[in-house]
Amino acid sequence: MSVEVLDGATIRNFVEDEQAFEGSVHDRFARLDTNKDGRLSYAELMKELQSLRVFETHFGVDVKTDPSELSLTYNSLFHQFDHDSNGSVDLEEFKAEIRKMMLAMANGLGFLPIQMVLEEGSFLKEAVERESSKSSA
Ligand SMILES: [Ca+2]
Ligand SMILES: [Ca+2]
C-alpha cells in the first residue's frame, strides 16, 4: 500500500481511456474469478469491493464496525452489480458497475486533490500510475 494524491480528473481520465480501463477490468476480473467459470460469485466479488475501499471513500463507513450491517451493505452492493439478478456477475456487469462507481467517486472528489491510501493493483492505484507515467513521458 502507498499514499497517493488523486483528484477527480485522474480517475475520470483513466475510466475514459477505453483501452487502459478495459485491460485493467479484464485483468481484475480474471484474477477475482478464482474458479474460472467466467462469472463472479458473491464471495469472489467481495474481495474486489474490499480492495476498492468503497466504504471509506465512497460511503464513509468504517469497515470494522458492525458485521451484520456490513453484510447487508455487501449484499446490496452485490445486487447492484448483478444487473440481471441471476446470482452472479459477468464481465459486462462488472465493467459497467466499476465504471459507474469510479465516475461517482471522481464526481465526489471534484477538482480538489486528496491523499488516499491505495493498495497495489487497485483500480485507483492504476489510475494514479497511468497519470504519472503520462506526465513523465
Ligand atoms: Ca467464478
Ligand atoms: Ca448477472
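First, the conventions. Residues are numbered from 1 along each chain as its sequence is written, and chains are lettered from A and ligands numbered from 1 in the order in which they are written. As the model is predicted, local features need pLDDT of at least 70 and side-chain atom pairs count only at pLDDT 80 or more, while totals for chains, interfaces and linings use all residues.

On confidence: pLDDT is the predictor's confidence in each residue, from 0 to 100. The protein averages 85, and 86% of the residues score at least 70. Of the elements, helix H4, residues 54-59, has the lowest mean pLDDT, 50, whereas H1 has the highest, 95. Where pLDDT is low, the predicted coordinates should not be read in detail.

Now the fold. There are seven helices and two strands, and from the N terminus on they run β-α-α-α-α-α-α-β-α. Helices (H or I, at least four residues) and strands (E, at least two) are DSSP runs, numbered from the N terminus. Contacts here mean C-beta atoms, placed from the backbone, within 7 Å. Of the contacts with a separation of 6 or more, 73% are between residues 24 or more positions apart.

A UniProt annotation, from an unreviewed entry, reads "domain: EF-hand" and covers residues 20-55 and 69-104. UniProt positions are given in the numbering used here, feature names are shortened, and annotations may be inferred rather than shown by experiment. The span 69-104 is 75% helix and 0% strand, and its end C-alpha atoms lie 23 Å apart.

Next, burial. A residue is buried if 20 or more other C-beta atoms lie within 10 Å of its own, exposed if 12 or fewer, and partly exposed in between, with C-beta atoms placed from the backbone. Buried residues make up 22% of the 137 residues.

Which residues of the largest nonpolar core touch the most other members? They are Ile11, Phe94, Met102, Leu124 and Ala127, out of 22 residues in that core. Helix H1 (8-16), H2, H5, H6 and helix H7 (123-136) each supply at least two residues of this core. The largest share, six residues, comes from H6. A nonpolar core is a set of buried Ala, Val, Leu, Ile, Met, Phe, Trp, Tyr and Cys residues joined through C-beta atoms within 7 Å. In soluble globular proteins, nonpolar side chains tend to be buried together.

Let me stay with H6, residues 91-109. Its 19 residues, at 1.5 Å a residue, should span 27 Å, and its end C-alpha atoms are 27 Å apart, which agrees. The expected span is 1.5 Å times one less than the number of residues. The buried residues of H6 are Phe94, Ile98, Met101, Met102, Met105 and Ala106. Seen down the axis of H6, these fall within an arc of 140°, so they line one face of the helix. The arc is that of the directions from the helix axis to the C-beta atoms. An α-helix has 3.6 residues a turn, so residues three or four places apart point the same way. The face turned away from the buried side of H6 carries the exposed residues Glu92 and Asn107. Leaving out residues up to four places away in sequence, methionine 102 touches Ile11, Val15 and Phe123. After H6 comes glycine 110, with a positive phi near 60°.

Lysine 36 is in the loop between helix H2 (18-32) and H3, and its phi is positive, near 55°, in a residue other than glycine. Lysine 36 counts as exposed, because it has 7 C-beta neighbours inside 10 Å. Serine 85 sits in the loop between helix H5 (67-81) and H6, with a positive phi near 50°. Serine 85 also counts as exposed, with 7 C-beta neighbours inside 10 Å.

What lies between histidine 26 and leucine 91 in sequence and in space? They are 65 residues apart in sequence and 7.6 Å apart in space, C-alpha to C-alpha. Histidine 26 lies in helix H2 and is partly exposed, with 13 other C-beta atoms within 10 Å.

Terms used: Contact = placed C-beta atoms within 7 Å.
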